[in-house]
Amino acid sequence: MTIGPIDHVGIVVRSIDEALPRYRSLFGLLPAAPVIAFASQGVRLCFLDSGPAPAARLELVEPVDPGSGVARFLAQRGEGLHHLCFRSGEITTDLASLEAHGAELIDRDPRPGAHGSVAFIHPRTLSGVLWELIQTDGEGVGAAQSKP
C-alpha cells in the first residue's frame, strides 16, 4: 500500500465566509488558495495551511446544494469534523487492496477532487470515521472547479 501521511482534515461549516474569521483570529490561519466552488459535489471548499509544508491542511466544506451528502451530514450532525484525507501514491491499487482486506468503499474508482483524484472509504469500515484518499495531480486544482 502507498497510503502516506495525512493531507488534510475536512470540517463541515454552514458558511465559509462566517467560519474564516474564526480560524484567522484564533489560529492565524489564512486560506492557502481562493475558495473553490465544486458544483459536481454541491459544495464550496477552502483550504487553510496549518503550518509550514508538509503540515496537514484544514479543508472547510460548505454545502451549497441541499440534496448533497455534505448538506445531509450538516443537517444530521451539525458543523464539525467530516473526514480525514490521506495521501496515496497509487490510489487505484490502494483501493483494490483496501477492498481485498474488507474495507467498504464508497468509491471503487477515483473521481476528480479539488487537488487530484480522490476516493472515499465508508465510515463503517473505520470506527465511524470517513476516510478520503487523494493522489495529487501536481496541478494544484482538479477538474470542474471555479472561483465563486
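Cover here rests on contact, meaning heavy atoms within 4.5 Å. The model is predicted: local features need pLDDT of at least 70, side-chain atom pairs count only at pLDDT 80 or more, and totals for chains, interfaces and linings use all residues. Residues are numbered from 1 along each chain as its sequence is written, and side-chain values use heavy atoms, with hydrogens and water left out.

**Overall build**
- The protein has 3 helices and 8 strands; helices (H or I, at least four residues) and strands (E, at least two) are DSSP runs, numbered from the N terminus.
- Starting at the N terminus, the order of elements is β-α-β-β-β-α-β-α-β-β-β.
- The radius of gyration of the protein is 15 Å, which agrees with the value near 15 Å for a compact globule of 148 residues; this radius is taken over C-alpha atoms, and the globule rule is 2.2 Å times the number of residues to the power 0.38.
- The C-alpha trace spans about 45 × 35 × 30 Å along its principal axes.
- Of contacts between residues at least 6 apart in sequence, 56% join residues at least 24 apart.

**Burial and surface**
- Of the 148 residues, 43% count as buried, where buried means under 20% relative accessible area, exposed over 50%, and partly exposed in between (1.4 Å probe, protein chains only).
- The accessible surface comes to about 7900 Å², and 56% of this surface belongs to carbon and sulfur atoms; areas come from the Shrake-Rupley method with a 1.4 Å probe, and for residues only the protein chains shown count as cover.

**Helix α2**
- Helix α2 covers residues 69-77, and Val70, Ala71, Phe73 and Leu74 are buried in it.
- Seen down the axis of α2, these buried residues fall within an arc of 160 degrees, so they line one face of the helix; the arc is that of the directions from the helix axis to the C-beta atoms.
- An α-helix has 3.6 residues a turn, so residues three or four places apart point the same way.
- Ala75 and Gln76 are exposed on the face of α2 turned away from its buried side.

**Ser88 in strand β5**
- Ser88 lies in strand β5 and is buried, with a relative accessible area of 7%.
- Beyond its neighbours within four places in sequence, Ser88 is in contact with Thr2, Ile3, Asp94, Leu133, Ile134 and Gln135.
- Thr2 is 86 residues from Ser88 along the chain, and their C-alpha atoms are separated by 5.4 Å.
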